[in-house]
Amino acid sequence: MSRHFDALETRTPEVRHAAQRDALNAQLARHGIDPLSDLSGLARLPVLRKSDLVARQKAQRPFGGLPVSNLAHVFQSPGPIYEPGGVSHDWWRMGRFLHAAGIGAGDIVQNCFGYHLTPAGMIFENGARAVGAAVLPAGTGQTELQARAAHDLGITAYAGTPDYLKVILDKAEALGLPLTITKAAVGGGALFPSLRQEYADRGIACLQCYATADIGNIAYESDAREGMIVDEGVIVEIVTPGTGDPVAAGDVGEIVVTTLNPDYPLIRFATGDMSAVLPGASPCGRTNMRIKGWMGRADQTTKIKGMFVRPEQVAELVARHDEVTRARVIAAREGEADKMIVRLESAAGDPSLYETSIREVLKLRGAVELVRPGELPKDGIVIEDTRVYD
């Protein structure tokens, strides 16, 4: 396998800037926006937020009037937000990350990202196809069957959330099934250093990417493991949350992404995630800008077990039950796995009354804790992340 996915990864900044400017202007033309002479002109354009996209899609189904082409799939994410998907070569640009993770021809990837409604499973399958790897479309759940399939098929690579690989490995060990997984490409949650080290101790090289359902791959780790390298098919800005104004070099701000995918041209899409630019170039030889990785949320929307939980969903949960006055969702850790706690102000005495609503509204299972009305802090927080990332 060659060191780099293609020649784009080692372009000079000047060549990259000119190519991205031309591609951007082609995108802007489809939106009826005048061309820019320099990428810095992006800062003068409005930011598109998820809430804006939801409103636009409600007004004009399914994609809010955006110029979508070459449509092969349609997906639904919480909001709800509908995303298009294509099947052309490396449509979501995930092949670039899988290549950096050492995955290619001869590998069989156990793809444990979800295939139901949400696009993550297809995003990684499309990337695996781009690097010539075969795929076991495993999705989530049925861990014993997953462990047996990994053993029987000689699976060599894993794709999925960071902590689910450990679940499969532990189940295989309990069943006495030796596995041959040596590579892991993860996303959808934080890869904690202790978990990465545990995989390394088991002979598995684990790298992570930063991607979203709307954009696809945004940035990814290489074997240098110094920050995340921005993908060649997007333009990333770090802005002051709520304003869209670029922050000073090295300052933490919100990640705003412009995609150069002509099939779905999103301009200045605000991810709600925080990061900062990491100065210098990667020792691996890739020359694009690097970011420090995920550094929290610009709003309270939080990713738990690979799924976003949004303040609007917490409000819907409260509205379903007349006796519930307020709620707080807490993202925590239990060992090396994410745990969700749902704390409800309620005069009821049985937490099980709310389990079904929580699954239906938040799309996750969680531990329910009841407190008396008035006991939750009046600090405006409805989603609290207590996980430690250092």
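Guide: Start with Thr118, which is buried at a relative accessible area of 19%. The cut-off matters here, because buried means under 20%. Keep in mind that this is a predicted model.

Thr118 sits in the loop that runs between strand 3 (108-111) and helix 4. Setting aside residues up to four places away in sequence, Thr118 touches Phe75 and Gln76.

Leu117 is found in that loop between strand 3 and helix 4 as well. Its backbone stands out: Leu117 is not a glycine, yet its phi is positive, about 70°. Leu117 is partly exposed, with a relative accessible area of 45%.

Now the space around Thr118. Thr118 is among the residues nearest the centre of the largest pocket, together with Lys305, Gly306, Met307 and Phe308. That pocket has a volume of about 1400 Å³. Its lining takes in 50 residues. By class they are 22 nonpolar, 15 polar and 13 charged. Helix 2 gives the most to this lining, with four residues.

Lys305 deserves a stop. Lys305 lies in the loop between strand 15 (302-304) and strand 16 (307-309). Lys305 is not a glycine, but its phi is positive, about 55°. Its relative accessibility is 38%, which counts as partly exposed.

Next, two peptide bonds. The bond joining Arg61 and Pro62 is cis, with omega about -5°. Pro62 belongs to the loop between helix 2 (50-59) and strand 1 (73-77). A cis bond also runs from Gly79 to Pro80, where omega is near -10°. Pro80 is in the loop between strand 1 and strand 2 (81-85).

The largest nonpolar core has 45 residues. Phe97, Leu98, Ile103, Phe124, Val236 and Ile291 have the most contacts inside it. Helix 4 (residues 120-131) gives the most to this core, with five residues. In soluble globular proteins, nonpolar side chains tend to be buried together.

Neighbours within four places in sequence aside, Val236 is in contact with Ile218, Val230, Ile255, Val256, Val257 and Met289.

Further out, there is a second largest pocket, with about 610 Å³ of space. Its lining has 27 residues, and Ala190, Leu191, Gln208, Gly293 and Trp294 lie nearest its centre. The classes divide into 12 nonpolar, five polar and 10 charged. Helix 7 (193-201) and strand 7 (205-212) each supply at least two lining residues. Strand 7 has the largest share, four residues.

Then the cysteines. A search of the whole structure finds zero disulfides. For Cys206 the reason is distance: its sulfur is 10 Å from the closest cysteine sulfur, in Cys209, too far for a bond. The cut-off for a pair is 2.5 Å. Cys209 is likewise in no disulfide, with the sulfur of Cys206 as its nearest. Are these two cysteines buried or exposed? Cys206 counts as buried, at 0% relative accessibility. Cys209 is buried too, with a relative accessible area of 8%.

The largest cavity holds about 60 Å³. It is lined by 13 residues, with Pro162, Asp163, Gly189, Ala190 and Asp338 nearest its centre. These 13 divide into four nonpolar, four polar and five charged.

Thr118 is buried, lies in the loop between strand 3 and helix 4, and is among the residues nearest the centre of the largest pocket.

Technical notes: Residues are numbered from 1 along each chain as its sequence is written. This is a predicted model: local features need pLDDT of at least 70, side-chain atom pairs count only at pLDDT 80 or more; totals for chains, interfaces and linings use all residues. Side-chain values use heavy atoms; hydrogens and water are left out. Buried means under 20% relative accessible area, exposed over 50%, partly exposed in between (1.4 Å probe, protein chains only). A nonpolar core is a set of buried Ala, Val, Leu, Ile, Met, Phe, Trp, Tyr and Cys residues joined through side-chain atoms within 4.5 Å. Contact means heavy atoms within 4.5 Å. On a 1 Å grid over the protein atoms alone, a cavity is a set of points where a 1.4 Å probe fits but cannot get out, and a pocket is an open set with protein on both sides within 12 Å along at least five of seven lines; lining residues have an atom within 4 Å of a point. Grid points are joined across faces, edges and corners, and a volume is the space filled by probe spheres set on the points. Ala, Val, Leu, Ile, Met, Phe, Trp, Tyr, Cys and Pro count as nonpolar, Asp, Glu, Lys and Arg as charged, and the others, Gly among them, as polar.
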